[in-house]
Amino acid sequence: FEYCNLSRAYPSNNMHVLFLCLLGVASIAAGAREFYVDWQNDRFVRDGKTFQYVSGGMHYFRIPHQYWKQRILAAKSAGLNAVQSYAIWNAHEPSPGVYDFEGNLDIVRRVTRD
């Protein structure tokens, strides 16, 4: 991924770099051309401009999937430009080798656009 310049990151921040690369992918998908971390000036840069990451959490497994889009749009209306969540794995794998990614657990639907 040439738009995510890993050489600008510190080696000890691999998870942060992965997250920021994913954030960069989201920016590219939204039509942006560049995203990186400017470590010298302690800032995110998107398309040559300082970018402030404003995020809120949404526990997708606690919200009926019919309301996900409404909740994400409400977060955007409140000024957020990112929504964070985590995967609650014991719900996705209720017993060893049995996986559930349907309905309220359909995280692919959760992270893709309509």
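These legends walk through a few close-up views of a predicted model. Residues are counted from 1 along each chain as its sequence is written, and side-chain values use heavy atoms, with hydrogens and water left out. Because this is a predicted model, local features need pLDDT of at least 70 and side-chain atom pairs count only at pLDDT 80 or more, while totals for chains, interfaces and linings use all residues.

**View 1. Here is an open sheet of three strands, in the order β1-β2-β3.**
The pairing is antiparallel. The edge strands are β1 (35-38) and β3 (49-51), and each of them pairs on one side only. On average, neighbouring strands of this sheet are turned by 40 degrees against each other, direction ignored. Strands here are DSSP runs (E, at least two residues), numbered from the N terminus, and two strands pair if DSSP finds at least two bridges between them. As for that angle, the axes are lines fitted to C-alpha atoms, and angles run from 0 to 180 degrees between N-to-C directions.

**View 2. Now zoom in on β1 and its partner β2.**
Strand β2 covers residues 43-46, and it pairs with β1 in the antiparallel sense over four bridges.

D38 counts as buried because its relative accessible area is 10% (buried means under 20%, exposed over 50%, partly exposed in between, with a 1.4 Å probe and protein chains only). The D38 side chain makes a polar contact with the side chain of N41, at 2.8 Å. A polar atom of the D38 side chain also lies 3.3 Å from the backbone nitrogen of Q40. A polar contact is a pair of N or O atoms within 3.5 Å; within protein, one must be able to donate a hydrogen and the other to accept it, and residues adjacent in sequence count only if both atoms are side-chain atoms. Leaving aside neighbours within four places in sequence, D38 is in contact (heavy atoms within 4.5 Å) with R43 and V45.

**View 3. Last stop: the loop residues D42 and D47.**
D42 is in the loop between β1 and β2, and D47 is in the loop between β2 and β3. Phi is near 55 degrees, a positive value, in D42 and likewise near 55 degrees in D47. Most residues other than glycine have a negative phi. Exposed or buried? D42 is exposed, at 70% relative accessible area, and D47 is partly exposed, at 31%.
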